Amino acid sequence: MISVENATTILKADARSAVGARLNQMALEYMAYTLAGSEKKSVVSGTFRKLWKGSENRFSHQYAFEARANGQTLGMITCYPVPVLKRLAWPTFKQLLAHRKWELIGYNLQHVKSLYSMITMKEGEDDEFHIGTIASLPESRGLGMGSRLLAFAEEQAILQGFIKCSLTVKKENELAFKLYNRIGYQITGEINKPAFSLYRMVKVLV
C-alpha cells in the first residue's frame, strides 16, 4: 500500500515507462479494442506500448505526464489543446495501421459501430485545452491522485493561454463524473454514439 505521506511529483512522461503505457490503455477501457483492432490483452497492451514510445500520436508519452512517488508511477494524464488533438487524429490512425495492418482493418469491419462512433466523435472546441486520458493505479486510488493530475493539466492550460479545460467521461462512470463535477467541470453536451455514450464537460479556469 502506498502511503499518503509520500511526496508525489508530476513529471513529463518517460517513453520507457511501462506503467505509463498501461495507464493510458486503462483509461480507455473497452475503447482500446477498436484502436488496437483486437480484444486480446497481449495485443492491446503491445499496441499501446508502441504508441506510448512513439511520437506525434495522441497516446504518446510526448503529450503525457506521470505522477510519481518514491520512483514509482502512480497515475498518468494526457492533455493538449483541441487543435493539436485534431491534428493528431490522422497520424494516430496511420501509426495504428502500421502496427496492426490487416488485423486492425479486419476487426473494425466486424465492429463497424465502434469504429463509426470513434471517428465521428467530437471531443472539444478549438478554444479548449483537452484532457485526453487520465488514470491511476488501483492501489493509489483514494489518495487524491485524480485531483492532482487534473489540477496539473489545468495549470498547463493556463500556461498555454487557455481559459477552458475540457474532457469526456462515460455516462456509466459515476465515480469519475462525481469527481469532475465536484472540482468544477460542468456538462456542456452529450456524445451519444452506437457503441458508447459520454458526457462532454468543461471547466472555466479564470
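The charged end of Lys 170 sits over the ring of Tyr 30, 5.5 Å from its centre; the criterion is NZ of Lys or CZ of Arg within 6 Å of the ring centre and within 35 degrees of the ring normal. The model is predicted, so local features need pLDDT of at least 70 and side-chain atom pairs count only at pLDDT 80 or more, while totals for chains, interfaces and linings use all residues. Residues are numbered from 1 along each chain as its sequence is written, and side-chain values use heavy atoms, with hydrogens and water left out. Seven strands form an open sheet of mixed pairing in the order S1-S2-S3-S4-S5-S7-S6; helices (H or I, at least four residues) and strands (E, at least two) are DSSP runs numbered from the N terminus.

**Sheet architecture**

- S1 and strand S6 (186–192) are the edge strands, each of which pairs on one side only; pairing requires that DSSP find at least two bridges between two strands.
- From one strand to the next, the twist averages 30°, with axes taken as lines fitted to C-alpha atoms (for helices over the stretch in contact) and angles running from 0 to 180 degrees between N-to-C directions.
- S3 and S4 are antiparallel and share seven bridges; Pro 81 has Phe 129 in S4 as its bridge partner.
- S4 and S5 run in the parallel sense, with two bridges, and Phe 129 is bridged to Cys 165 in S5.
- Strand S5 (residues 164–170) and strand S7 (residues 197–204) pair in the antiparallel sense over seven bridges, where Cys 165 has Lys 203 of S7 as its partner.

- Six of the six residues of S2 are buried, buried meaning under 20% relative accessible area, exposed over 50% and partly exposed in between (1.4 Å probe, protein chains only).
- In a regular strand the side chains alternate between the two faces of the sheet.
- In S2, Ala 64, Glu 66 and Arg 68 lie on one side and Phe 65, Ala 67 and Ala 69 on the other, and both faces are covered.
- Strand S1 (residues 9–12) joins S2 in the antiparallel sense through four bridges, with Ile 10 opposite Ala 67.
- Strand S3 (residues 72–81) is also antiparallel to S2, over six bridges, and Ile 77 in S3 is the bridge partner of Phe 65.
- The hairpin of S2 and S3 has two residues between the strands, and Asn 70 there takes a positive phi near 55°.
- The ring of Phe 65 also has the charged end of Lys 12 over it, 5.3 Å from the ring centre.

**Helix H6 and the crossover**

- S4, H6 and S5 make a right-handed β-α-β unit: with the strands pointing away from the viewer, the path from the first strand over the helix to the second runs clockwise.
- Six of the eight residues of S4 are buried.

**Aromatic pairs**

- The model has seven aromatic pairs, counted when ring centres of Phe, Tyr and Trp (its six-membered ring) lie within 6.5 Å; planes under 30 degrees apart are stacked, over 60 edge-to-face and the rest tilted.
- One of them is the edge-to-face pair of Phe 48 and Phe 59, at 5.6 Å centre to centre and 65° between the planes.
- This pair links Phe 48 in helix H3 (residues 41–53) with Phe 59, eleven residues apart, in the loop between H3 and strand S2 (64–69).
- Phe 48 is buried at a relative accessible area of 1%, as is Phe 59 at 3%.
- Tyr 180 and Tyr 185 have ring centres 6.2 Å apart and planes at 65°, so this pair is edge-to-face; both residues are buried.
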